[in-house]
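Thanks for coming. I will go through one structure, starting with some loops and then moving to helices and spaces.

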Amino acid sequence: MVLQTSHTDLLIIGAGPAGLMAACWASQFSGISTRIIDEKPHRTETGHADGIHSRTLEILDSFGIADPILRKGVQEVEMSYWAVNGDTGNLECQKRVQSQSGGLSRFAQTSLNQGEVEQVMIDYLEERGRVRVERQKRAERVYFTDDDNDTHPVVVETKALKTDRMMHLPRPEDLKEHVSQVTEVIHARYIIGCDGAKSLVREQLDIPLEARSTDSMWGVIDIIPITDFPDIRQTCVIHSDEYGSIMLVPREDRLVRFYIQLQGDSDLEKKALDQSNETPEALTQLIQRAMHPYSLTYQHCDWWSLYPADLTKIKQCLANQFQVKHRAFLVGDAAHIHSPKAGQGMNVSIQDAYNLVWKLGSVITGASDPNILETYQLERHPVAEELMAMDSRLVHVYEENKASISEVSKVRAGYTGFMSGVEVTYQPNILVSRGEGGESTKAANIKLGMRLGTVPVLNQASTCTIQLTELLSSNGAWRLLVFSGDLQQRKNVDRLAEFAEVFQGPAHASSSQQPGFQEWQRAIDVILIHPGPRISVNLLELPELFHPFDEKLGWDYNRVFSDDSAYRGGIGHAYEEYGIDKQEGSLVLCRPDQHVAWVGGLEDLSRLEIYFSAFRKADMFNNSKTTTRN
C-alpha cells in the first residue's frame, strides 16, 4: 500500500453541526485550502439535537440558509407548566408564558431534527463547491512536528473505513476491526476537533476534562403521540412529586420529543434503563404515568436514547483549554459536555465554530496577526462555564421533587437571553475595545462585545425595507456602520464629507481590500444610516465612499439607508433603538461574526486606527481605490 501524504491550511475533524458550520465559514475564504473528514458514512439520519435557538438561526440566516429550517421546523411560541393541584389532586396547567420576549430576536426558537439542519449546511457546501465532506475517513493519531519553523505543524494520521458491513456494525468500537491501515497522513496549518464528546483530538492532545456532575439520568424519545393531552403541540413541563418531571417539545411531521426523568427505583424505570427493544415502550409508559389521567399511546417511534448513553460515565464536564499552541482547537461537545435539558448542544457548538473560523480565515489569508486566535479561548470558555452553571440549575430544579412550577419558570426566565444566544457578550480583548467612556453617549443601547441587534431600515435608492443585520452577511468582511446624524443640517453634511475624506486617506485602515478576497470585495464594508427623511437626501450627492462606482456594475446602491419614520412597517426607530443622538450620530464597528467591536464618533478615526493596529498585518490595509462590495 502506498501511503499518501498531503498538506492543507485547515483540517476539520468531524462533520456534525459544529464541523459543518466551520466548513461553511471556511468556504468563504477562497485563498485557503480546507478539508473536513468524518468516519460516518452519512449525516445524522434522525433524533439527536432538535432545538434551534434564535442566535443560531441568525447565524444560519447570515449564510442565507435559515429559510429551509424555518419552513420545515416548528416554532416555539408559548410554554406551559403542568403540575398536580394539591387541593384537587388533578393534573392542571398552572402557568403559561411566552417562550421568548419579542425584543430578543426576529427569530423564535424552532424545533427540527439535527439531520435536517446538517443537510442544509451540506447543501450549502455543495453549492459553493469549495469544501466537501470526506466520509468514512477517521482520524487515528494527532500530533505536532518537532520543527518550530514547520508551516504545517499539525499531523493527522487517517484511515479509510471499508464500505462493506458499515451499516451493520452494532457499536462504534467494532469499526476498529473493519478498517485498512493508515492511508493518508495530513499535514495541516490548523486543525479543529469537532468530533464530539468522545473526541479523539482532545484525547490525543492530552487536554483534560473537568468533571462537574454525575447524578442525573434522562430518557429521550421521539414519537407521534396519540393522546388527549390538550397541550401536546406546545412545549410543556409536567412536574409530578411522585414520578418526577417530563418535558415535551413539538417537532416536525407530528413528532413530539419527550424528556423523561429516570430515578431508577421502579421496575418500569429499570426496564427503560435496560437499553433493549423494550425501552421505547417503557419510556412511553413512564410518560403516561406522569400525565395521568390523560392517555398516551403511539404507533411510530422515530428515535430514542438515554442520557448519558453510557450510564457509567459522567454527565457534565468541561475542557480546561480549548486550544493547543494556537494551532489545534476544540469546538462543541469536544470541549464541553452537558445535559440536553436546555437544548444547547447543537446551538453552542455552532456558535463556537462561528466564533473561531473567521479568525482562522483572517490569519491564514494574511489579513490578521495570529494573536487574534487567543480570543477563541477568552471568548468561548466563559460561555461554556455559564452553560455549565445554567445546565446544573435547570437539571436541579427539574429534578427537585419539592420544586414548584414557579421556580422552574423563574430559572428559565433568568437565562432566556443566554439560552437564546443573543445576549452572549464577549469581554474586552484585542478584538473587543475596552472603550473610553464615549460609547455610552455615542450609542447608549449598543453593548460592546455583544452581537448587534437588528432594526428595519429603508434602502435609500429603492425604498425597500430590510433588516439592518441582513447587511452583515457572513462573508468575512468587517462592517463600519456610519450613523451620520440628520443630513438636513449642513454641519452634518460637512462632518460626513470630512469623515469620508479622512477614512479613504492613506493613513487609515479602511480604504483597502483583504488578501484572499476577490478584488471587488471589501475588507471593511461601510454602510450609512441617516435618520431621514429619505427624500431630503440625494444618494449621488453623498461622498463616493457610500456609492462606489464600477465600470462594469455601475453605482452601488446598497450602502445607504434611511431611518425614515414617514414609512410604515416600524421604520424610523434605529437611532432610538441603538440610543444614538440624531444630531451627533455615531460609528459602530461590527466584526465578521456580527459582534460589536468598537464604538465612536465620526471624528474618532484615529481611535479606530489604534484598534486595528493591535492585530492587523502590515499589508492588511494597502491603499487602493474604493470598489464595490459583495
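Where does aspartate 253 lie? Aspartate 253 is in the loop between β15 (244-250) and β16 (256-261). Strands here are DSSP runs of E with at least two residues, helices are runs of H or I with at least four residues, and both are numbered from the N terminus.

Before going on, a note on the source. This is a predicted model, in which local features need pLDDT of at least 70 and side-chain atom pairs count only at pLDDT 80 or more, while totals for chains, interfaces and linings use all residues. Residues are numbered from 1 along each chain as its sequence is written, and side-chain values use heavy atoms, with hydrogens and water left out.

Back to aspartate 253. Its phi is near 55°, a positive value in a residue other than glycine.

Two other loops have a cis peptide bond to report. Proline 293 sits in the loop between α7 (279-291) and β17 (296-307). The other cis bond runs from glycine 532 to proline 533, and its omega is near 0°. Proline 533 is in the loop between β25 (524-530) and β26 (549-550).

Now the helices. Axes are lines fitted to C-alpha atoms, for helices over the stretch in contact, and angles run from 0 to 180 degrees between N-to-C directions. Angles under 35 degrees count as roughly parallel, over 145 as roughly antiparallel, 65 to 115 as roughly perpendicular, and the rest as oblique. A crossing is left-handed if the near helix is turned anticlockwise from the far one by less than a right angle, and right-handed if clockwise.

Start with helix α1 (residues 17-26) and helix α4 (residues 114-128): their axes come within 10 Å and cross at roughly 20°. That angle makes α1 roughly parallel to α4. The crossing of α1 and α4 is left-handed. Contact means heavy atoms within 4.5 Å. On the α1 side are Pro17, Leu20, Met21, Ala23 and Cys24, which meet Gln114, Glu118, Met121, Ile122, Tyr124 and Leu125 of α4. By class, this contact of α1 with α4 has nine nonpolar residues, one polar and one charged. For these classes, Ala, Val, Leu, Ile, Met, Phe, Trp, Tyr, Cys and Pro count as nonpolar, Asp, Glu, Lys and Arg as charged, and the others, Gly among them, as polar.

The axes of α1 and α8 come within 8 Å, and the crossing angle is roughly 30°. The two helices, α1 and α8, are therefore roughly parallel to each other. Here the crossing of α1 and α8 is right-handed. From α1 the contact takes Pro17, Ala18, Met21, Ala22, Trp25 and Ala26, and from α8 it takes Met346, Ser349, Ile350, Ala353, Tyr354, Val357 and Trp358. The contact of α1 with α8 divides into 12 nonpolar residues, one polar and no charged.

Next, helix α2 (residues 54-62) packs with helix α8 (residues 345-364) at an angle of about 45°, their axes 9 Å apart. That makes α2 oblique to α8. Arg55, Thr56, Ile59 and Ser62 of α2 make the contact with Asn347, Ile350, Gln351 and Tyr354 of α8. Three of the residues in the contact of α2 with α8 are nonpolar, four are polar and one is charged.

Last, the spaces. On a 1 Å grid over the protein atoms alone, a cavity is a set of points where a 1.4 Å probe fits but cannot get out, and a pocket is an open set with protein on both sides within 12 Å along at least five of seven lines; lining residues have an atom within 4 Å of a point. Grid points are joined across faces, edges and corners, and a volume is the space filled by probe spheres set on the points.

There are four cavities of 30 Å³ or more. The second largest cavity holds about 80 Å³. Its lining includes Arg55, Ile59, Gln351, Tyr354 and Arg451.
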